[in-house]
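Hi everyone, thanks for making time. I've got a structure to walk you through today, so let me put it up on the screen.

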Amino acid sequence: MEYDIAIVGTGPGGLEAAITAKIRNKNILLLGSDNLSEKIDKGHVFENYLGLSHISGSDLNKSFLDHIKSLGIEITNEKVMNIYDMGDSFTIQAEKNMYNAKTVILATGVSFGKPYENEEQFLGRGVSYCATCDGNLYKNKKIAVIATSSKEEKEVNFLAELASDIIYIPLYKDIGKLDSKIIIKREAPVKIIGNIKVSKLVTNQAEYDVDGIFILRDAISPKTLVPGLATEEDRVIVDRNMATNIKGLFACGDIVGKPYQAIKAAGEGNIAALSAVEYLAE
Ligand SMILES: Cc1cc2nc3c(=O)[nH]c(=O)nc-3n(C[C@H](O)[C@H](O)[C@H](O)COP(=O)(O)OP(=O)(O)OC[C@H]3O[C@@H](n4cnc5c(N)ncnc54)[C@H](O)[C@@H]3O)c2cc1C
């Protein structure tokens, strides 16, 4: 099945894009999280969201959810790992499934983390961002796993079932229940070394011989997500129609730059959806 518009992200940018596209009768796929946006949820009070004065982040998220539900919009609770431009359509590789869509709207709200030294160079050659996709390649091998949140611990335990040795570097405070085979290191990853493939992970305290390194971040940088996407400093480059340098690919919200504001993200989501609708009509 090919969707008209795939929307990646369930913050105000992605949700407004979904609402607008749905109202314009498009066949949409909304990928993100059932919990919508963690950023919104963390907001103590939003004072400047039109029509909803002095609203807490969790109530704002709830009103977003009520709105999309009222239109019959469903969330596909999957993290997107890659988006490939196939010429006149896109293939979207998510954690569990592949999807096809004629256009894509990126609304991942990402704040750009700096990759580790050589990370991008070894992507697909020992560096992976997805345990479900690549775990089986490391059966009975030595791996290191770096994770930015405890949400990834299920994936880490899954990898422990496969690998012969597993070093785990959690970049967060409270660690949950982990497989006894996992060796935890409270260190800071610095760089990745290898020749054709990864051979070592270097931290601020040691060097580890490994066959693979899983880097499980909440957010994937847009350049990694979409090969060939034009960015500058910490933003995806878009024009006034929210169009990126890739035909049929639009972006909105924090991902396209400051100011980081919910109402701006929603407004841009509306523009991105209308631009995608116009693109489909052409
Ligand atoms: C503490 C705090 C307080 C704030 N207070 C205010 C305020 O008072 N007023 C205001 O206007 N703004 C405020 N903001 C900013 C506001 O929350 C953001 O500007 C807004 O949420 C950006 O919306 P977005 O849609 O671009 O991205 P986000 O809200 O960040 O949503 C991004 C979504 O994309 C999903 N996602 C990311 N990567 C992937 C992937 N690979 N696959 C699938 N889904 C993915 C995430 O799960 C998330 O659902 C605050 C932010 C914080 C953190």
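I'll go from the whole chain to its domains and then to the ligand. Keep in mind that this is a predicted model.

Okay, the overall picture. We have one protein chain here with seven helices and 19 strands. If you box in its C-alpha atoms along the principal axes, you get roughly 55 × 45 × 35 Å. As for burial, 39% of the 282 residues count as buried. And if you take the contacts between residues at least 6 apart in sequence, 57% of them join residues at least 24 apart.

Now, the domains. Domain 1 is written in two pieces, 2–112 and 220–281, while domain 2 covers 127–216. Their C-alpha centres are 30 Å apart. How many residues of domain 1 are in contact with domain 2? Four, and they meet four residues on the domain 2 side. On the domain 1 side of that contact, two residues are nonpolar, two are charged and none is polar.

Last stop, the ligand. There are 33 residues around it, and the ones that come nearest are Gly9, Gly11, Gly13, Gly109 and Gly253. By class, the shell splits into 15 nonpolar, 14 polar and four charged residues. Which helices supply at least two residues each to that shell? Helix 1 (12–23), helix 2 (38–42) and helix 7 (262–281).

That's my tour, happy to take questions.

Key: Residues are numbered from 1 along each chain as its sequence is written. This is a predicted model: local features need pLDDT of at least 70, side-chain atom pairs count only at pLDDT 80 or more; totals for chains, interfaces and linings use all residues. Domain bounds come from an automatic or database domain assignment. Two residues are in contact if their C-beta atoms, placed from the backbone, lie within 7 Å. Ala, Val, Leu, Ile, Met, Phe, Trp, Tyr, Cys and Pro count as nonpolar, Asp, Glu, Lys and Arg as charged, and the others, Gly among them, as polar. A residue is near a molecule or strand if its C-beta atom, placed from the backbone, lies within 6 Å of it. Helices (H or I, at least four residues) and strands (E, at least two) are DSSP runs, numbered from the N terminus. A residue is buried if 20 or more other C-beta atoms lie within 10 Å of its own, exposed if 12 or fewer, and partly exposed in between; C-beta atoms are placed from the backbone.
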